[in-house]
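Here are my notes on this one, in numbered points. Have the model open while you read.

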Amino acid sequence: MLNLVSILIGLFAMLFALVGVIPFPLVPMLNWIAFPIALVGAVIGMLSSHNTGRNLNLLVLLISGVRLFLTGGLI
């Protein structure tokens with residue numbers, strides 16, 4: 001059950017992260033929303049006995065974290 005919750009949280013965060021990759025003004029700020037949501041999903045995924053939800057959230061963390069790192073946390 002926790003794995004399913006983690007996958008749903010990961011898909012929700014992935015929506016923000018993929019839209020946040022678009023380089024229009026102020027759209028990349030969505031990564032500041034996606035990062036903590038994916039972090040919560042990863043913690044929930046770690047409590048599960050399966051790895052799918054955790055891995056999805058770690059992928060979202062990687063995407064949004066790299067985008068924030070490359071832009072210095074700004075637009």
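1. Surface patch. A patch here is built from residues with over 30% relative accessible area and no salt bridge, joining like charges within 9 Å and nonpolar side chains (Val, Leu, Ile, Met, Phe, Trp, Tyr) within 5 Å. Areas come from Shrake-Rupley with a 1.4 Å probe, and for residues only the protein chains shown count as cover. With that in hand, look at Met1, Leu4, Val5, Leu8 and Leu11: together they make a nonpolar surface patch with about 530 Å² of accessible area.

2. Ground rules. This is a predicted model, where local features need pLDDT of at least 70 and side-chain atom pairs count only at pLDDT 80 or more, while totals for chains, interfaces and linings use all residues. Numbering runs from 1 along each chain as its sequence is written, and side-chain values use heavy atoms, leaving out hydrogens and water.

3. Overall layout. The protein has three helices and zero strands, reading α-α-α along the sequence. Its radius of gyration is 12 Å, close to the 11 Å that the globule rule gives for 75 residues, so the protein is as compact as a globular protein of that length. That radius is taken over C-alpha atoms, and the rule is 2.2 Å times the number of residues to the power 0.38. Along the principal axes, the C-alpha atoms fill a box of roughly 40 × 15 × 15 Å. Helices (H or I, at least four residues) and strands (E, at least two) are DSSP runs numbered from the N terminus.

4. Surface and contacts overall. The accessible surface comes to about 4,600 Å², and 83% of that belongs to carbon and sulfur atoms. Of the 75 residues, 35% count as buried, where buried is under 20% relative accessible area, exposed is over 50% and partly exposed is in between (1.4 Å probe, protein chains only). Among contacts (heavy atoms within 4.5 Å) with a separation of 6 or more, 67% come from residues 24 or more positions apart.

5. Phe12 is partly exposed, since its relative accessibility is 45%.

6. Is Ser64 buried or exposed? Ser64, in helix α3 (residues 52-70), is buried, at 0% relative accessibility. Beyond its neighbours within four places in sequence, Ser64 touches Ala17, Asn31, Ala34 and Phe35. Ala34 belongs to helix α2 (residues 31-47) and is likewise buried at 0%. With the neighbours within four places set aside again, the contacts of Ala34 are Ala13, Phe16, Ala17 and Ser64.

7. Leu62. Leu62 is in helix α3 and counts as exposed because its relative accessible area is 54%. Leu62 and Phe35 are 27 residues apart in sequence and 8.8 Å apart in space, C-alpha to C-alpha.

Technical notes:
Salt bridge = Lys/Arg side-chain N within 4 Å of Asp/Glu carboxyl O.
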